[in-house]
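Please walk through this structure with the text below.

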Amino acid sequence: MDYRDTPAEAKFRLELREWFKHNIPANWRDITSIEGQRVLQKSWHQALYAGGYMGLNWPKEYGGQGLEASYDAILNDEASRADSPRLPAMVNYLGRAIFTYGTEEQKQQFLPTLLSGEVQWCQGFSEPGAGSDLASLRTRAERDGQTYVVNGQKMWTSGALFADWCLLLARTDSSVAKHKGISCLLTPLNAPGITVQPIVLHSGDPETAEVFFDDVRIPESQRIGSEGEGWRIAMTTVSYERGASDTGSISTLRRQLHELEEIAQARGLLADPATRQKLAKAYVDIQVLSLNVAQQLSMRLAGRAPGPEGSVGKLLWSRAAQYTMHVALDILGADALNGHAPRWLAEYFTSRPVSVYGGSSQIQKNILARMLDMPR
Ligand SMILES: Cc1cc2nc3c(=O)[nH]c(=O)nc-3n(C[C@H](O)[C@H](O)[C@H](O)COP(=O)(O)OP(=O)(O)OC[C@H]3O[C@@H](n4cnc5c(N)ncnc54)[C@H](O)[C@@H]3O)c2cc1C
């Protein structure tokens, strides 16, 4: 494993760094209205596309650039260093579902606008009673000729408030084993019968939503894969959710830790051995995460598809993010709560669901226990 940039990657990194300098919208963190955030998300996605930075690892035949996963890692790293607005990470894993399982017609119809940002997407998998146990999902899609009629509810759908379309899992057959009766439908969120209710997180971010389906009619031509193949599609999608994008969280954590060291110094806390120990532990956690991500990336570069080892990365990421934010609260003390450091409190809250979304820590441990052949 050699984690250094190749000459071509180093050139790409420098160009990208320069591009970020000139293209990150000024004062984007001050945009708090939902409408403002909607505009920001779409325009930032379109700017990245125009700059040539979307679909780096997609095959060329679908509008991508056919580059190695390391280029996506560099994009995430530099975006985070430059404090850019959130990258449209979903494009990579939702796009993979469509180009792996979609028909040629579906690929032509959906991939170009997904990549360019003209059409925004979300992932409608989880439900109130089906998060960790996703295969228990109860949203139904019943056939009426060439159409599915969808009824049910999705929960925690990130980006649904700003999305135009949804990669939706629904049950098309209740008579077979639960993971065999699920299908995947490409669903326009403006279809009659769909209601999107925002869930504003503690950080103040309206990142997720509940989505209700009431007799929503979806043509059969918008199903990807065959009927009952939804579980396989969902597993492909989630296995690509982690990976190169984790590099961005590492840069963010390093930036946060650096700022915390400065705050600790300004407050005279660096003389305190307990504070120094906490900062050192956060540093080690981030360093361990970064080595794990580098190892996973090198396996991807060697042609190995992501597997259960991604669970180790997810656990390390949750640990590093949540521990670093605990240290932040310890260093800031009452200032974290009395309105003097609102950003840090928001970041603390942002770190809490890291151990829940994309599969909770307990579920990651179950996956690893199975891999290691441990008793149930
Ligand atoms: C901010 C945020 C964004 C999200 N974005 C999306 C999205 O875009 N699309 C989407 O489809 N979903 C999304 N989710 C949903 C996420 O995937 C689920 O929240 C997650 O899978 C956990 O499911 P749950 O909330 O139903 O909790 P539950 O499954 O009810 O779990 C509750 C607790 O029980 C534990 N538990 C459950 N089963 C077991 C077990 N077998 N062994 C040990 N412990 C267990 C869990 O670890 C957890 O601590 C998001 C969630 C959050 C918080």
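A polar contact is a pair of N or O atoms within 3.5 Å; within protein, one must be able to donate a hydrogen and the other to accept it, and residues adjacent in sequence count only if both atoms are side-chain atoms. Gln123 has a backbone N or O atom 2.8 Å from a ligand nitrogen atom, and a polar backbone atom of Phe125 is 3.0 Å from a ligand oxygen atom.

This is a predicted model, in which local features need pLDDT of at least 70 and side-chain atom pairs pLDDT 80 or more, while totals for chains, interfaces and linings use all residues. Residues are numbered from 1 along each chain as its sequence is written, and side-chain values use heavy atoms, without hydrogens and water.

There are 17 residues around the ligand (a heavy atom within 4 Å). Helix α11, residues 361-371, gives the most to this shell, with 3 residues (helices are DSSP runs of H or I, at least four residues; strands are runs of E, at least two).

Now to the strands. Strand β3 (residues 147-154) is largely enclosed by the rest of the structure, because 7 of its 8 residues are buried (under 20% relative accessible area, 1.4 Å probe, protein chains only). Strand β2 (residues 140-144) pairs with β3 in the antiparallel sense over 5 bridges (pairing needs at least two DSSP bridges). Arg140 stands opposite Asn151 in β3.

Key. Buried means under 20% relative accessible area, exposed over 50%, partly exposed in between (1.4 Å probe, protein chains only).
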